[in-house]
Amino acid sequence: MRSITFSEATLEAMSEEMERDDRVFIMGEDIARQGGIFGQFKGLPQRFGFERVKDTPISETAIVGAGVGAALAGMRPVVDMHFADFLGVAMDEVFNQMAKIRYMFGGQTIVPVVLRAPDGIIRSAAAQHSQCIESWFLHIPGLKVVIPSNPADAKGLLKSAIRDDNPVLYFEHKVLFPMKGEVPDGDHLTPIGKASIVREGKDITIISYSLMLHRVLEAAKSLAGSGIEAEVIDLRTISPIDKETIFESIAKTKRVMIVHEAVKTGGVGAEIAAIIAEEMLDCLDAPIKRLGAPYVPIPFSPVLEKLVKIGVEDIVNAAQEIC
Amino acid sequence: MTRIRLFEEKVNELFLKGEIPGFVHLYIGEEAIATGVCQNLRNSDYITSTHRGHGHTIAKGAQLKPMMAEIFGKRTGYCKGKGGSMHIADFSVGMLGANGVVGGGYTLAAGAALACKMQGRDDVAVCFFGDGASNRGTFHEAVNMAAAWKLPVVFVCENNQWASTTPYRTTTAVENIADRSVGYGIPGEIVDGNDVFDVYEKAARAVERARTGGGPTLLEAKTYRIKGHFVGDPELYRSREEVQRMMKENDPITRLKERVIAEKRLSEKELAQIEAQVEAEIREAEQFAVESPFPEPHELYEDLYVEGGVSNA
Ligand SMILES: Cc1ncc(C[n+]2csc(CCOP(=O)(O)OP(=O)(O)O)c2C)c(N)n1
């Protein structure tokens, strides 16, 4: 195994899939000549040409819609959204077209599109460049949503997403791009729809994903110091949610907390908490706990921005409240 | 054209009898546009359609039985009863779907054209849209992208003067939608949307241009919406006389018949035979739809995702 960055891992995934299948191509704003804001497309056009690695006009509806149209005509497009926040500009293409075409037309076609959406708080990018909006897409039948927390899954999930015949939203945290980690050699695939247990424990289940998972792991270490052994689940896919892994863990620990960077209201945590309340309430020894950002847009000032971010301390304190 | 007209007259009748659920938007009076354009297309070419999509679908070569069954919401329909009138698609003939979202087809057509280009095929995509739809932002994004990338796509505006209850002149400052082509650096052309020969000839040029790498064209077919916006529309926004006058003076089917008779290409008798044949087809389609079963409850969950998801193809 080698240690490479998250960004390099996604680059490997892209080039391996483009090599493997000439129907795969990628388009987005400033991805070809610039190589992507986070270096995640560097060298691809030199290798595959500017036809398969396309700089687009600043036309989000056209980029996403053309991705969908190209998929209907036999291609397997990957579309880069620049920032997840701009998905809103192309929302009709995402939820009325891409998500519904297969079902609405009675399964006549497949819609193998991947939307890559860099998300998350990054230093003072403020309200329109820092959002975590993954939960919007849980509410729309027809989409799959994945969100890796480390380079190995970044590669494995992107490859699986490209090979999936369904439309997939691939959220990648901006802060994670330079983060290094071990990635298996060869054709490494991470299954969509399967969470992973990244730390075993018996006292509480902490469910998280993306950047927050790293904070949760730090918190788990600190909790271990005070005698609380947390089991940590990396969701990896948030639609469909891997209920089985969650339920098995809760059956063991009897306590559960969900941690994400996104606003707590209407977040992924709300959905998971509801599922657990519906199906596992008898099993619990304490109330379900959720940690998420307060109900405000992400502020600019570093002082205020710090207040919406969840720190290791917050996680430790919240866990202690229910243990 | 007759097939579209008679099919829709039947749909109209069945809707008014309460046999068809949902909304139905009729294409009656605009048949020359879909017909004239699609006569230039092959099976492997693509079209995207609108909420008023029956005509486009038939003109592209779809079968009447599964169309009618779909409009009834039956499992034998093109979309197994999940789409209905506003969401008919027949991917086997390159009909990529009617669209319940006005202006939803532009970007899909551009994408299909992009795929044709990338795959080295000389197939094209045609995007049908209304004058109302031309004011959606996606029009700008898709036409600009298609022009910049010289995609093989033809944008066909069906200017029937109405967007629901709102007349064209109250929402749009340009005299002609075709004039907008200037802003994108592509040709724009006006055709008489009630003259199938004019539509055919000008669409032929646009399709050929797209096929041979010349890029997109914006065609504007001038026509008039004879029927209400949807079946059951009380049409309080315009006078009966206006509509009757337009139909009397400018019915595309009457014009077609008069011309082929004058040019001695077909006799009245032959035309009557065609009509009788189409009537029989439509009776069969109706019977097929009526007799077909509705979907079973378990079908509710079918076709949402591709099972397994990961394809190794
Ligand atoms: C995005 C969107 N806005 C509004 C509507 C409601 N609507 C359906 S058809 C229509 C009028 C469309 O007019 P036009 O594009 O000229 O087509 P026509 O009905 O005349 O064929 C409207 C406003 C819709 N379906 N989608």
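**Close-up views of chains A and B**

**View 1. The contact between chain A and chain B.** In this predicted model, 49 residues of chain A are in contact (heavy atoms within 4.5 Å) with 43 residues of chain B. About 3800 Å² is buried between the two chains, and carbon and sulfur atoms give 61% of this area. Buried area is the accessible area (1.4 Å probe) that two parts lose on being put together, summed over both. Tyr103(A), Phe105(A) and Gln108(A) supply 18% of what chain A buries against chain B, more than any other three residues.

**View 2. A salt bridge between the chains.** The count between chain A and chain B is one salt bridge, a side-chain nitrogen of Lys or Arg within 4 Å of a carboxyl oxygen of Asp or Glu. Arg102(A) forms a salt bridge with Asp303(B), and their closest N and O atoms are 3.6 Å apart.

**View 3. Parallel strands in chain A.** Strand E13 (residues 256–263) and strand E14 (residues 289–293) of chain A run parallel and are joined by four bridges; strands pair if DSSP finds at least two bridges between them. Helices (H or I, at least four residues) and strands (E, at least two) are DSSP runs, numbered from the N terminus. Val263(A) has Ala293(A) in E14(A) as its bridge partner.

**Notes.** Residues are numbered from 1 along each chain as its sequence is written, and chains are lettered from A and ligands numbered from 1 in the order in which they are written. Local features need pLDDT of at least 70, side-chain atom pairs count only at pLDDT 80 or more, and totals for chains, interfaces and linings use all residues, while side-chain values use heavy atoms, with hydrogens and water left out.
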